[in-house]
Amino acid sequence: MFLRTINMSNSRFYGTPSLQCLVRNFSLWSMKKDPDLESALSRNHRWIVNNQIKNIILRYPKQEIPVKVLQKKFKNLDLQGKALNWIKKYPCCFELHLHGDEYHCRLTKQMMHLVEEEESVKDMQETIFVRRLAKLLMMSANKRLNVVKINELKRNFGFPDDYLIRIIPKYPDMFRIVNYSGRRNAMEIELVSWNPDLAISTVEASAQKQGTHPSFTCLLPSTWVKSWERFNEFNSSPYISPYMDPKDLVEGSKEMEKKTVGLLHELLSLTLWKKASIVKLSHFRREFVLPDKLNILLLKHPGIFYVSNKYQIYTVLLREGYNGSELIYKDPLVLVKDKFGELMQEGLHEYNQRHRLMNLEKKRKNGLPLARVDKRKDRRAGISDSENQGDKLGALHDPEERKRFYKVLFDDDAS
């Protein structure tokens, strides 16, 4: 009944206060949870923080930071306790040494090798970055995008931090930086020339390979009969390219919905993890002509998109980008970040094992039965020493669980 209501005209739907309230409630529980995709969306605060610490150290002079300076930044990282104790938990990632009478922190050689590998991958992917940015601009209404908004999603698209000063100037035939209003934070990147070879969506490219007409793919169980019926009805009309100018389409029409779904599909296809924050996507409402109630549109198409409010952060994931909880295609940058996650886990495991042995030695000295201690400790072998912060890492010692975990370690949507 509610889905029939969604199909009403926009004016009737959004103009009714009771329905607005229903929409807010509906968005929280309407989409049935998919355990695999929920696992793919899982994050852990500890790993995101370590990535941020890594970036702080790299930006500091000589890539070495006094621990007391890092301590001051802990509040911004939502951390409590001593920075020194935190750093000690990851001996494979961070290296401590005394400089005079105070501790300094730098990255280990293993970490520096990964940083160099990541930078090397970014350099090799410069042409891919240029293509991604050009495609984003080609999908926008005015063929230009605000730099501040792009930066909100630059990690999703794998854009390097210095792309504005290092890469954009190298392609004057494709991009230029403009500020037509003169206002602060109004700087934009504008497309200089249209490339028809890039105006081919992922859906169209797949159809060309298969020799079929472009259409969407539904990845729902066959038991979702009504959802399949709605999808087939939606998919029966011709596909509309996200690179087509929408000025001739009527707002609220089925054609406009088809075009918008195609645009969102293409946007997610361009991301590294085939997912993005719905809130951050909605910031591009004007540029990509997105509906005011973007979450409602996504919920109408559960066979194409998966919507989650895990950790109270609304995220949309492209279903066809995953096989279970595994990314079907891993970008080279994703592979490097997986290695980063493995190194962090290795250091944490080493730290936990070392402290386990220290605790056993204390128990021996106190004359406690070691068998009972070993059994209790075995149950807790994978559990972090920082349970008071709410982190639950025990399952991560299971190789399959760790695989599912690492692919989302560096999602920027946590901010």
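Predicted model: local features only at pLDDT ≥ 70, side-chain atom pairs only at ≥ 80, totals over all residues.
User: Why is K68 called exposed?

Analyst: K68 has 55% relative accessibility, so K68 counts as exposed. K68 is found in helix α6; helices (H or I, at least four residues) and strands (E, at least two) are DSSP runs, numbered from the N terminus.

User: Why are β4 and β5 said to stand at the edges?

Analyst: An open sheet is formed by 3 strands in the order β4-β6-β5, with antiparallel pairing. β4 (144–146) and β5 (175–178) each have a single partner strand, so one side of each is left without a neighbour in the sheet. From one strand to the next, the twist averages 25°. β5 is joined to β6 (residues 188–191) by 4 bridges, and I177 has I189 in β6 as its bridge partner.

User: Where does helix α9 lie, and at what angle does α9 run to β6?

Analyst: Helix α9 (residues 126–139) lies across β4, β5 and β6 and runs at about 85° to β6. For such angles, axes are lines fitted to C-alpha atoms, for helices over the stretch in contact (heavy atoms within 4.5 Å), and the angles run from 0 to 180 degrees between N-to-C directions.

User: How many aromatic pairs are found in the whole structure, and why is the pair of F74 and W86 called edge-to-face?

Analyst: The search finds 10 aromatic pairs. Rings of Phe, Tyr and Trp (its six-membered ring) pair if their centres lie within 6.5 Å; planes under 30 degrees apart count as stacked, over 60 as edge-to-face and the rest as tilted. The centres of F74 and W86 are 6.5 Å apart and their planes stand at 90°, so this pair is edge-to-face. F74 is in the loop between α6 (67–73) and α7 (83–88), and W86 is in helix α7. At 2% relative accessibility, F74 counts as buried.

User: Why is the pair of F129 and Y163 edge-to-face?

Analyst: The planes of F129 and Y163 are at 65° and the centres 5.8 Å apart, so the pair is edge-to-face. F129 lies in helix α9 and Y163 in helix α12 (residues 163–166), so the pair ties together parts that are 34 residues apart in sequence. Both F129 and Y163 are buried.

User: What joins the side chains of E257 and H301?

Analyst: A polar contact of 2.7 Å joins them. A polar contact is a pair of N or O atoms within 3.5 Å; within protein, one must be able to donate a hydrogen and the other to accept it, and residues adjacent in sequence count only if both atoms are side-chain atoms. E257 lies in helix α15 (residues 254–270), and at 19% relative accessibility E257 counts as buried.

Technical notes: Residues numbered from 1 in each chain as written. Heavy atoms only, no water. Pairing = 2+ DSSP bridges. Buried < 20%, exposed > 50% of the residue type's maximum accessible area, 1.4 Å probe, protein only.
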